[in-house]
Amino acid sequence: MPPKPPLVITVDGPAASGKGTLARTLAAELGLPHLDTGRIYRGVGVALLAAGQDPSDPAAAEAAALALDPAALGDPALASEAAARAASVVAAMPRVRAALLAFQRRFAAGPRGAVLDGRDTGTVICPEAKVKLFLTATAEERARRRHDELRGRGEASIYADVLVEIIARDRRDRTRAVAPLEPASDAVVIDTTRLDAAAVFEAALVVLRARGLYPAGPRGSPVA
Ligand code: C5P
């Protein structure tokens with residue numbers, strides 16, 4: 001059998017839209033490597049916080065981005081809300097984004113392709129991706145999911161505070177001058193407000209099937 005051509009799938013969307021879960025599930029189903037690009041920005045934010053530096057200092061943030069060790073991306077500290085906030089501050093800085101671009105492109109250029117999720121993976125990182133998905137959901141539903149997730153981890157969480165934080169982060173991500181959060185013109189938008197993870201996965205498979213990248217009928221091995 002000839003080797004399969006590489007397949008790159010991008011999954012973008014705002015916080016708690018379900019993109020991470022979908023990207024992980026698609027990668028496992030298709031046997032592709034997965035990169036959660038949000039962890040890269042979180043990694044930069046956490047490195048600054050750990051060093052007692054200010055995430056809003058562009059020179060310190062660029063230096064942290066250039067020094068980022070991919071091995072640090074598994075650090076559980078990256079899951080905190082403080083990490084998310086610092087990530088969205090450094091992510092608005094053009095030199096930070098530029099410093100992190102090559103690593104993301106190299107990952108996507110692997111022999112099998114990849115599934116990437118984030119904010120700009122379909123617009124900036126992989127504009128040539130074969131499949132681009134963009135997930136949305138209301139801010140209230142996304143805040144509810146994040147609130148449940150934090151409580152599930154045993155962290156104190158107040159829904160109203162989570163909602164305010166999500167809205168502030170959306171605003172920073174959508175209005176920044178460089179790589180703002182927006183669907184690529186050729187992305188398929190999936191509103192996940194009323195969908196559970198299994199239904200979102202099914203919606204993504206509909207897109208793959210329509211492009212001949214996944215067999216029709218019950219789940220089986222992909223044809224891509
Ligand atoms: O997806 P996650 O919540 O981990 O992302 C944290 C922050 O990193 C986002 O709010 C966003 O500011 C930034 N980010 C980005 N571009 C990406 C991924 C994440 O700007 N591709």
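In which loop does alanine 179 lie? Alanine 179 sits in the loop between helix H8 (159-175) and strand S5 (188-191); helices (H or I, at least four residues) and strands (E, at least two) are DSSP runs, numbered from the N terminus. This is a predicted model, in which local features need pLDDT of at least 70 and side-chain atom pairs count only at pLDDT 80 or more, while totals for chains, interfaces and linings use all residues. Residues are numbered from 1 along each chain as its sequence is written, and side-chain values use heavy atoms, with hydrogens and water left out.

Most residues other than glycine have a negative phi. Alanine 179, however, has a positive phi near 45 degrees. At 12% relative accessibility alanine 179 counts as buried, where buried means under 20% relative accessible area, exposed over 50% and partly exposed in between (1.4 Å probe, protein chains only). Alanine 16 also has a positive phi, of about 60 degrees. Alanine 16 belongs to the loop between strand S1 (7-12) and H1, and is buried, with a relative accessible area of 13%.

Helix H1 (residues 19-30) packs against helix H9 (residues 197-210): their axes come within 10 Å and cross at roughly 55 degrees. Axes are lines fitted to C-alpha atoms, for helices over the stretch in contact, and angles run from 0 to 180 degrees between N-to-C directions. H1 is therefore oblique to H9; angles under 35 degrees count as roughly parallel, over 145 as roughly antiparallel, 65 to 115 as roughly perpendicular and the rest as oblique. The crossing of H1 and H9 is right-handed, meaning that the near helix is turned clockwise from the far one by less than a right angle. Contact (heavy atoms within 4.5 Å) involves Thr21, Leu22, Thr25, Leu26, Glu29 and Leu30 of H1 and Ala197, Val200, Phe201, Ala204, Leu205 and Leu208 of H9. Leucine 30, placed in helix H1, is buried at 11% relative accessibility.

The largest nonpolar core has 26 residues, of which Val44, Leu48, Val96, Leu100, Leu116 and Cys126 touch the most other members. A nonpolar core is a set of buried Ala, Val, Leu, Ile, Met, Phe, Trp, Tyr and Cys residues joined through side-chain atoms within 4.5 Å. At least two residues of this core come from each of helix H2 (38-50), helix H3 (58-66), helix H4 (81-90), helix H5 (94-108) and strand S3 (113-118). H2 gives the most, with 5 residues. Leaving aside neighbours within four places in sequence, valine 44 contacts Ala61, Ala64, Ala65, Leu68, Val90 and Leu100. A second, separate core of 22 residues includes Leu7, Ile9, Ala27 and Leu133.

Two helix pairs involve H5. H3 and H5 pack at an angle of about 5 degrees, with their axes 9 Å apart, so H3 is roughly parallel to H5. Ala61, Glu62, Ala65 and Leu66 of H3 make this contact with Arg95, Val96, Ala99 and Leu100 of H5. H2 and H5 pack at about 135 degrees, their axes 11 Å apart, and are therefore oblique to each other. H2 and H5 cross in a right-handed sense. Here Ile40, Tyr41 and Val44 in H2 meet Val96, Arg97, Leu100, Phe103 and Gln104 in H5.
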